Amino acid sequence: MGIVSVREQLKRFNKEIDIIEFKISTATVIEAANALNTEPARIAKTLAFKVNDKAVLIVMTGDARIDNGKYKAYFSTKAKMLTPDEVREFTGHEVGGVCPFGLKNNLDIYLDDSLKRFVTVFPACGNANSAIEISISDLENITKPVAWVDVTRI
């Protein structure tokens, strides 16, 4: 999976040419922000959680953290992140390259309201040394989220 499946999905939206590949790691928010010469908040990190028996993805800004109270109020369960093996199994991407594109399985995707502060953000593209600058409207159009949620704090 990884960047190959991401390219395939983004090609349908004429966005595959916008993928940026680096010779250095962009696996963490700080590494990605440094490589892209942008503020960490504009890195769109994708976190994988288990809700009941299924995996869900939440895309949020790089400076946002899950607010356990808000998360539990929305999902009616405690926030439980997937293990690295589960992330790979469900998404097809390795930790550090997880993104809402080119997924191995059809997962529910949620976009967090923290993203709305920006016109464009930089999610990963399936591996630990890639990213794409994408508008919030294109992110929404491509990922077809279940919902916009407010489950973080900054």
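## Strand β6 and its neighbours

Strand β2 (residues 43–51) and β6 run parallel and are joined by two bridges; Ala44 is the residue opposite Pro123 in β6. Strands count as paired when DSSP finds at least two bridges between them. Helices (H or I, at least four residues) and strands (E, at least two) are DSSP runs, numbered from the N terminus. This is a predicted model, where local features need pLDDT of at least 70, side-chain atom pairs count only at pLDDT 80 or more, and totals for chains, interfaces and linings use all residues. Residues are numbered from 1 along each chain as its sequence is written, and side-chain values use heavy atoms, leaving out hydrogens and water.

Two bridges also link β6 to strand β8 (residues 134–135), this time antiparallel, with Thr120 opposite Ser135. Which way do the side chains of β6 (residues 120–123) point? Thr120 and Phe122 point one way, Val121 and Pro123 the other, and all are buried (under 20% relative accessible area, with exposed over 50% and partly exposed in between; 1.4 Å probe, protein chains only).

## The whole sheet

These strands belong to an open sheet of six, in the order β8-β6-β2-β3-β5-β9, with mixed pairing. Its edge strands are β8 and β9, each pairing on one side only.

## Helix α5

In α5 (residues 136–143), Ile136, Leu139, Ile142 and Thr143 are buried. They line one face of the helix, because seen down its axis they fall within an arc of 130° (taken from the directions from the helix axis to the C-beta atoms). Their cover includes α1, β3, β5, β6, β8 and β9, with contact meaning heavy atoms within 4.5 Å. After α5 comes Lys144, with a positive phi near 50°.
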